[in-house]
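Hi there,

Here is the structure I promised to pass on to you. Have a look at it first, and then read on for what turned up.

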Amino acid sequence: MVASRAIGSLSRFTASRTLRCSGYICRSFTRASALLTRTHINYGVKGDVAVIRINSPNSKVNTLSQELHSEFMEVMNEVWSSSQIRSAVLISTKPGCFIAGADLNMLNACTTSQEVTQISQEAQKMFEKLEKSTKPVVAAINGSCLGGGLELAISCQYRIATKDKKTVLGSPEVLLGILPGAGATQRLPKMVGIPAAFDMMLTGRSIRADRAKKMGLVDQLVEPLGPGVKPPEERTIEYLEEVAITFAKGLADKKITPKRDKGLVEKMTSYALSIPFVRQQIYKKVEEKVQKQTKGLYPAPLKIIDVVKTGIEQGSNAGYLSESQRFGELAMTKESKALMGLYRGQTQCKKNKFGAPQKEVKQLAVLGAGLMGAGIAQVSVDKGLQTILKDTTLPALGRGQQQVFKGLNDKVKKKTLTSFERDAMFSNLIGQLDYRGFEKADMVIEAVFEDLSLKHRVLKETEAVIPDHCVFASNTSALPIGEIATVSKRPEKVIGMHYFSPVDKMQLLEIITTEKTSKDTTASAVDVGLRQGKVIIVVKDGPGFYTTRCLTPMMSEVIRILQEGVGPKKLDSLTTSFGFPVGAATLVDEVGVDVAKHVAENLGKEFGERFAGGSLEMLQQMISKGFLGRKSGKGFYIYQEGVKNKNLNSDMDSILASLKMPSQPDVSSDEDIQYRLVTRFVNEAILCLQEGVLATPTEGDIGAVFGLGFPPCLGGPFHFVDLYGAQKIVDRLRKYEAVYGKQFTPCQLLVDHANNPNKKFYQ
Amino acid sequence: MTSLLTYTFKNLPNTSKWALRFCMRPLSSSSQVQAAAGTTKSKKTLAKPNIRNIVVVDGVRTPFLLSGTSYKDLMPHDLARAALSGLLHRTSVPKDVVDYIIFGTVIQEVKTSNVAREAALGAGFSDKTPAHTVTMACISSNQAMTTAVGLIASGQCDVVVAGGVELMSDIPIRHSRKMRKMMLDLNKAKTLAQRLSVISKFRLNFLSPELPAVSEFSTSETMGHSADRLAAAFAISREEQDEYALRSHSLAKRAQDEGLLSDVVPFKVPGRDTVTQDNGIRPSSLDQMAKLKPAFIKPYGTVTAANSSFLTDGASAVLIMAEEKALAMGYKPKAYLRDFMYVSQDPKDQLLLGPTYATPKVLEKAGLTMNDIDAFEFHEAFSGQILANLKAMDSDWFAQNYMGRKAKVGLPPLEKFNNWGGSLSLGHPFGATGCRLVMAAANRLRKEGGQYGLVAACAAGGQGHAMIVEAYPK
């Protein structure tokens, strides 16, 4: 709740996307490359077509490692020198993955930008040779074809892709703070046009096969097959290979040309782009847009534009050189290290550390059809989970059902679902007003109003009807789970599942375990969360758990800063320019002033002066005037349906004036204001690790970035400390402590890190 | 108006795919010619205690014609009427004995949505005989027959006429939903101002027409496309498919030439010549067939116009009675209708595998094995579909992993399989094919001397059907 929908905007750009591209997995190949028996690639010859099959051992995905690279080169040299071979097919025999990208460990092992540039140049050379091959090479793509995999594919003469949901093409490098370093910045603009190439490389978005065909990124599609006399996946790959072979032959015989017919619009676009003036305008537009979105915090997008521009305006030699150099530079940036760290963290938080639950949840029940309850139901039914949605009144239930339907229907409009699939998913939802069917529920998630006595009542009612094995999960942002569980007959089955709003957009799920929660209950909750597509952190119970607890001191500082006379607009711009996706004042409006006050009061009681700062009186006055934030139409800003630019709520002036406090000039520069907010956040996060609320720094970073919108370019509070230095942060805190007092006292763990520069949260 | 017309024309070619979408093919094959011989089969009969025996007295069909040929100006009930009149003539059954009439159809003519009733009235049946229409894609007339079986077995009726009709020469092309909505609103508008306000909402795109769905509703995939994928899944080559299609056409030609297609009754089309035989039977050469381009998965697919069934107009009807009634009326029935089975499975990847699922089940239910069957009549939607079903029936892997069976049911011997041609060559009027399959099985059993026939068919929606037909002792 605290991390409200505002934070959803995080997903608009940056790391949250990164984390979604499931493909990139870093593997380290420790084995020495065996020259004779190839481990990643084997090839056979069918007629006069060489079929080169990639399958890296012991991994779910293929990555472009140095080993694979050199084996591929060997094989290609054999293909080129053999007189018997006239064409080749390049295919992966791994289901669901062509090549998911470059081997990240290979990049991480580099200590200088020169080394990275070197890697890039080697790859460029290999792909250039491939591009100029006189024997046509057909890339047969089934599954993820991302990053380096796409760069390889577009160097081939022809591309055939399966029209499978798993087959996606894309250049997600930007999400890791780098750029495509093996020629894509030069080839993509020629292949799909400058605008589409920018879109791909700057957003990192994954493109489905049918869309790729329309763009000209692939030449043919192959439909995935159903069962025959062997498993569908296996036969589909075989079929793809058969089709690719016929095209390889056709290309060798010159019966097929790799050129495709362009439509009228495309022809006109490419004509327009042949005019230098038009191109300049496009560069300018794109740069402006990137500047606006990244606030200059992410270097990669600007370098991508620069490299593409160099290639087009000064020729490919200059382009390739620029690509490899910028690639080297970017790989050494803090932003890139932060984003890669987040990527690794996300991968870890997509696994169930607690093992498989004894009984898989088949029947779920959600109590409360409000925004959260319906959101939870939506992300469950669309994964095929049978879900009961219960509320107490028909209008409330109807609103919730409509929310689920709308969520699914929006996907139909975006064409990611068919109306038939929507209907089938929606039929997994049963709306009701009573407890019928709860005797078969395997898990109940309550999302009723945040009120302890109500939660107690609901827990008791539910326990009267559910079976013994059923897990009771509470969706709350701040009420301690232990307190909710006090009325339970079976506290080992009670757990917290803190979803973030809007549930279908926010990736994070914070699972809260009490001392009594059993391991199997936790395993079950994590399993359900993973099936709902969530990134999961598991934390210990305590006031505010992890996410709410980190956010609250920062919010307290927000109020203090407002009291000191910094206007909401100014404050918003200071926070967004630091990398937060949503300004701090807007965040209060989005969360809801009443909720913010409720949380601040509760946690304030628990944590005392460490949560001091602003005066809760401000929130109290806002509530009494009905300024509850977005939901009531007024908060710091005025919200109107259909009006995009929000205006300041002038009625706030009197409240702000009445609570005005003198500002402290020593600690009120723009930068100081930003650091007062961030250091309080970071300090509290590290205290959570120190106190054992958090099990690992990784979960702390993932929770902060995905749940609270902590700037992704900083990689989360723990990466931030590692990359920027604990000492600097402690110095800042001490400076503010001197002015404001104990709320800025650095915690012991942070001080330890400052005292010992070798201590890092990530080794 | 012009735009409306051009649009329509642009879209018309699509209708050819249409044919492919509904697959109703009952398979009826039969075998027997060779078995011949007289190995005196002393097989048990499938009569069940306390259940009435149900017989097919006889059955007829109009010649099946390519759409857009001689039947193109008719309406569906005209064709259905021709089949009913033919049946009356063939069996001389007194009209007032018929208790009930059921017809199957797929694409409904909106004016005659209960086409069974309109045809029955027009054919001179008593207006006291109720009639209803059923639809189940390509197994609609199978459904009509089994509905009749149910009515008779439960003692509700003694004499039922079942049939099916499809007229693909004309299909209901509708106004767009927006246009329809505007027209309906216009109807309700009372004043001139109201009418004008409704009309003012008109946009040119309202005029784009809506064709009956070419693709499977649940998956948005056309049937031909699914058939091509199915053939690929079972690794069936283009050559195999063309060869099978050629076999179908050759066998149909021979059956036609030898006068074996005795269920066909001539039809005098008003204003045209009398049609006496099917016109889609065109044995070609493999070379000719190899020249065709793929019709669905372009450019490398394997399903072509030559190895698919074509859009067909036609109607069929059979007279079904309780055995004692037939004997009391002095008839010599052709066959018993025995156990039957409907199945359904994944409409995406197994759309056309109905026969594979239905065959072992119906055999088990009847206590028979593949070896007991003398005549197989399977509906041929596509060569690739037939060959895929044959491979699936012959695969232990498929039986174990997808059908939950211990072992495969086995391959029907090709010499007993669709010996008088099939839907690929004779044609496939969706709603009418089921009765053709049953009559082909019955007639083959009589001609070739076998006892059991197995009819099987796939249908849109991933459904399927199989039925055992037992020859009536001579």
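**Where the two chains meet**

Across the interface of chain B and chain A, three residue pairs are in polar contact, with both partners at pLDDT 80 or more. That threshold is there because this is a predicted model, and side-chain atom pairs count only at that level. Salt bridges between chain B and chain A number zero.

Which elements of chain B give two or more residues to the side that touches chain A? They are helix H8 (223-233) and helix H14 (396-402) of chain B. H8(B) provides the largest share of that side, four residues. By residue type, the side of chain B that touches chain A splits into eleven nonpolar, four polar and four charged residues.

In terms of contacts, 19 residues of chain B meet 18 residues of chain A. The size of an interface is often given as the accessible area lost when the parts come together. Here, the area buried between chain B and chain A is about 1,700 Å², and carbon and sulfur atoms give 65% of that. Three residues stand out on the chain B side: Ala233(B), Tyr300(B) and Trp397(B) supply 36% of the area that chain B buries against chain A, more than any other three residues.

**Inside chain A**

Residues 544-639 of chain A are 62% helix and 2% strand, with 29 Å between the end C-alpha atoms. For residues 676-755 of chain A, the figures are 72% helix and 0% strand, and the end C-alpha atoms lie 21 Å apart.

**Salt bridges**

Side chains of opposite charge can pair when their charged atoms come close. Over all chains, the count comes to 74 salt bridges. One to look at is the pair Glu329(A) and Lys303(A), whose side chains meet at 3.1 Å, N to O. This pair links distant parts of the chain, 26 residues apart: Glu329(A) sits in helix H13 (residues 316-331) of chain A, and Lys303(A) in helix H12 (residues 299-314) of chain A.

Methods: Residues numbered from 1 in each chain as written. Chains lettered and ligands numbered in written order. Predicted model: local features only at pLDDT ≥ 70, side-chain atom pairs only at ≥ 80, totals over all residues. Heavy atoms only, no water. Contact = heavy atoms within 4.5 Å. Buried area = accessible area lost by both parts, 1.4 Å probe. Salt bridge = Lys/Arg side-chain N within 4 Å of Asp/Glu carboxyl O. Polar contact = N/O pair within 3.5 Å; in protein donor to acceptor, adjacent residues only side chain to side chain. Nonpolar A, V, L, I, M, F, W, Y, C, P; charged D, E, K, R; others polar.
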